2 protein chains.
Amino acid sequence: MHTTVEETNTTITAAQVAYGQARDVDPGTRAAWLRSIASALEANADELVGLGQQETHLDEGRLSFELKRSVFQLRLFADEVIRGEHLDATIDHADPSWGMGPRPDIRRVSVPLGVVGVFGASNFPFAFSVMGGDSASALAAGCAVVHKIHEGHLQLALRTGAIVEEALDAAGAPQGLFSTIIGRQAAECLVDHPLVKAIGFTGSTAGGRALFDQAARRPSPIPFYGELGSINPVFVTEAAWKLRRDEILAGFASSFTMGMGQFCTKPGLLFVPGNPAVPGEGEEDVAGILNREVEGKPRRPLLSGKLREGFDGALETVRSTPGVDVMVAGDDSEAPHPTVLTTTADRVREQPGILEQEMFGPASVVVEYQPGDDLTSLARMLEGQLTATVHAEPHEDVSDLLSTLRERAGRLLWNAWPTGVTVSYAQHHGGPYPATTATTTSVGTAAIGRFMRAVAYDSFPPSQMPAPLRDENPWGIRRRVDGVWELPNGEGKPNE
Amino acid sequence: MHTTVEETNTTITAAQVAYGQARDVDPGTRAAWLRSIASALEANADELVGLGQQETHLDEGRLSFELKRSVFQLRLFADEVIRGEHLDATIDHADPSWGMGPRPDIRRVSVPLGVVGVFGASNFPFAFSVMGGDSASALAAGCAVVHKIHEGHLQLALRTGAIVEEALDAAGAPQGLFSTIIGRQAAECLVDHPLVKAIGFTGSTAGGRALFDQAARRPSPIPFYGELGSINPVFVTEAAWKLRRDEILAGFASSFTMGMGQFCTKPGLLFVPGNPAVPGEGEEDVAGILNREVEGKPRRPLLSGKLREGFDGALETVRSTPGVDVMVAGDDSEAPHPTVLTTTADRVREQPGILEQEMFGPASVVVEYQPGDDLTSLARMLEGQLTATVHAEPHEDVSDLLSTLRERAGRLLWNAWPTGVTVSYAQHHGGPYPATTATTTSVGTAAIGRFMRAVAYDSFPPSQMPAPLRDENPWGIRRRVDGVWELPNGEGKPNE
């Protein structure tokens, strides 16, 4: 079943041939390929969601939404390709009076990198798998994709791959533009192959770092866009806690248990003011609220036995840290009851490891701080994160805390929860290491640029220029000309 | 004289403090800092150029031009900071009807990375040194810079550093925003320091790769923007050769001897049609023309003894390759006569190492191909390059050759010469490994983005949003709002 090294080499060579045929097609053609994939996934949604249910323990509603999201993403990227945003076309006409001396005619456009290897994640069998964000953005960029299947949903992945290949074929794309491989040996071959020009990866910190190191050690190193681990801290100010404690705890319980906590954006740390006194009569304490809130959440087995093993181990590591107590007790059942651990800010300062242990599953840690404690100093102890959240009142001055979190996270949230990552123009899903191995995003239209590089055309005659750089702008894309942006088709709202 | 590890740590810590004070200043303030540096360099031009002449063997005209270029670059970057192009500000308002489900308000802006380490190059004591492209773009991005001095022009570097520090101080920038260190131990400390978030490097392939590897091995790997080696092949078609042989050879002779061949964009390979017959009576052959053209070029000693040693070794490696002959004989004098070697395309196919040996100095190789030979197949043998050039006639079909070169080079030139790299909006100075270790440019306004990362603000109230993301656009920058570009101050030419 596993792809042999020989088969992998053949697949990559075919991908390179397809890339050569596909790299220069016009935007309309490339957009049609993406839309063909979207329609084919939609047409086969019932079968795909059914396969997903058999293999992942995720429920139908969640899988259907995730498939819808992937389909939407392909169409959004198709629109972006038509607009040509990702080409970053820039034209500087020859200028004899340019400040540093005469300037030749120089024009820049972004071109695809070539064959891209994509590693699927287990926790999003659609959105971060065969035709997830990495594959969609690489195809939108004009690359060929060789996808390494996650065996946690093997049948679903194989079927998705077949549907994608058929859809591309039906739309007239060259054969080999998208293909799949299976197994560790094939994966290593993919990262090492000289024709492979970039890797997209979503998975564990250990696995991702090993592949990052492999990509960096190549004779010709390549970019490794890895999304690894994140704990996603949430800070609640005293003012917000006083006004909205119960609402915040309800939101927290929903967010960390969503999808059985198997989200890279799961809030794994909640910093709240400690309860200086026992609750008043009839007043529920934090433990009481969280136990009640968590009780009603749907439970399902985790995605795989291996993942469950990792979760149990990570949970035990934190639970057994001196000074960590259990606030909501989990259990050992196949569909485990969520766990909430608790500790204090002072303890965290002595045991900073508590802030670094991701527990990938339904568990989180409540850290109680003393009134007047310095939240910024706690934030400074954090490693790189995908997200960091602040619950505060609109007119509080939390600028130091926000600045500190900004240095450590790719997305900041205000009075919201980090689970759920919309696909849009402004989205950024990334963050300093170990959240990711790059400064880029793996979600949203900006993800396309990861799989492109710029090329400048110096002193070219119009007859030899690529279409997006010709003065007459045959593709009707947005361009910067002599420093000033030009908008096609009357788009744009001058903001005078 | 060398900076100790302790001193380096102190310098980096001070840079981090300065970065914290500087990262959020408004564009006008940051632009004023850059302009203050520009004016100070200009005011001290005579002294700086004099120091450069003493230390580098480069002549006054060249050094003055290079300083002018660096000053221009700082002012261009200041203008770009005011325009806010590098912030890539993107606003997606909340949208309950967004295609994949309700979208929260999400806004993205690019922020500086932090402290950046910059390694100066010997061959451009202004443009790629203390206040060259890497330092200027990192400061424009909002980073603090710790510059590792190239000891090939130590006194010039120290003086430049002092002028920059004074200029920043005079403009009110925080102390420590720019500083210099000296020596290998300090350099290694810089690449390893946890507070350092990116490295800019221009230098040799061996040295650059070693530092790239070091940066990738860190517990938290950081981007290493290295510009290493390039041979810059030039292909001349039969048609162009027939029409413009003498002019092309004159251009080639000027380009490869410019600055004694010590440019990263020096054309090191010229592919031309072989001369099938002896020249007619009174007709000069290629060797004759090149000997004559080269004869008149000014000669100077190379930048340093170490560099000369490297040049002599590289030249000997190519010269002693079987099938390589001498067309223009160099010499061993202190200011060496340029060398042109020659071989054939068939020989190159047997000895591909000829295409991979950079000779950093006044030497180049003429490769003669047989009429009808496949230039694309030769181009396919090339490694990554900063530039690749085609001399052809406007209506020739050289699309396969151009496509092949595009995969291997960051700048393509048409009937022009690669030496001389203008600083502009469209410029791209980069290319696949080993030309660089990244997909970015180290010249032009696009270089600023290397030292930034995006952060998304999710569900923030206006009172807590950073200025560039507020609806009222207080900085007056160009932004993308709900997918559509908005232009400040009525800029932009709708292209209907």
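Reply: **Starting from one spot**

Asp482(A) is partly exposed, with 14 other C-beta atoms within 10 Å. On this scale a residue with 20 or more other C-beta atoms within 10 Å of its own is buried, one with 12 or fewer is exposed, and anything in between is partly exposed, with C-beta atoms placed from the backbone. This is a predicted model, where local features need pLDDT of at least 70 and side-chain atom pairs count only at pLDDT 80 or more, while totals for chains, interfaces and linings use all residues. Residues are numbered from 1 along each chain as its sequence is written, and chains are lettered from A and ligands numbered from 1 in the order in which they are written.

You will find Asp482(A) in the loop between strand S16 (479-481) and strand S17 (484-488) of chain A. Helices (H or I, at least four residues) and strands (E, at least two) are DSSP runs, numbered from the N terminus. The backbone of Asp482(A) deserves a glance too: its phi is near 50°, a positive value in a residue other than glycine.

Asn415(B) is not a glycine either, yet has a positive phi of about 50°. Its setting is the loop between S14 and S15 of chain B. With 21 C-beta neighbours inside 10 Å, Asn415(B) counts as buried.

Strand S15 (residues 452-458) of chain A pairs with S14(B) in the parallel sense over three bridges; two strands pair if DSSP finds at least two bridges between them. Within this pairing, Tyr457(A) stands opposite Leu412(B). The contact as a whole takes 70 residues from chain A and 70 residues from chain B, where two residues are in contact if their C-beta atoms, placed from the backbone, lie within 7 Å. On the chain B side, the elements giving two or more residues include helix H4 (60-83), helix H8 (205-217), strand S14 (409-414) and strand S17 (484-488) of chain B. The largest share of that side, six residues, comes from S15(B). By residue type, the side of chain B that touches chain A divides into 32 nonpolar, 22 polar and 16 charged. Here Ala, Val, Leu, Ile, Met, Phe, Trp, Tyr, Cys and Pro count as nonpolar, Asp, Glu, Lys and Arg as charged, and the others, Gly among them, as polar.

H8(B) lies across S6 and S7 of chain B, running at about 175° to S7(B); axes are lines fitted to C-alpha atoms, for helices over the stretch in contact, and angles run from 0 to 180 degrees between N-to-C directions. The sheet is open and has five strands in the order S5-S4-S3-S6-S7 (chain B), with parallel pairing. Its edge strands, each pairing on one side only, are S5 and strand S7 (224-227) of chain B. On average, neighbouring strands are turned by 15° against each other, direction ignored.

At one end of the sheet, strand S6 (residues 196-202) of chain B pairs with S7(B) over four bridges, in the parallel sense, and Thr202(B) has Glu227(B) as its bridge partner. At the other end, strand S4 (residues 144-148) of chain B and S5(B) pair in the parallel sense, also over four bridges, with Lys148(B) opposite Ile181(B). Between S4(B) and S5(B) the chain passes through helix H6 (residues 154-170) of chain B, and this β-α-β crossover is right-handed: with the strands pointing away from the viewer, the path from the first strand over the helix to the second runs clockwise. Strand S5 (residues 178-181) of chain B is covered on both faces, with Phe178(B) and Thr180(B) buried on one side and Ser179(B) and Ile181(B) buried on the other.

Back in chain A, where we began, there is an open sheet of five strands too, in the order S5-S4-S3-S6-S7 (chain A), with parallel pairing.
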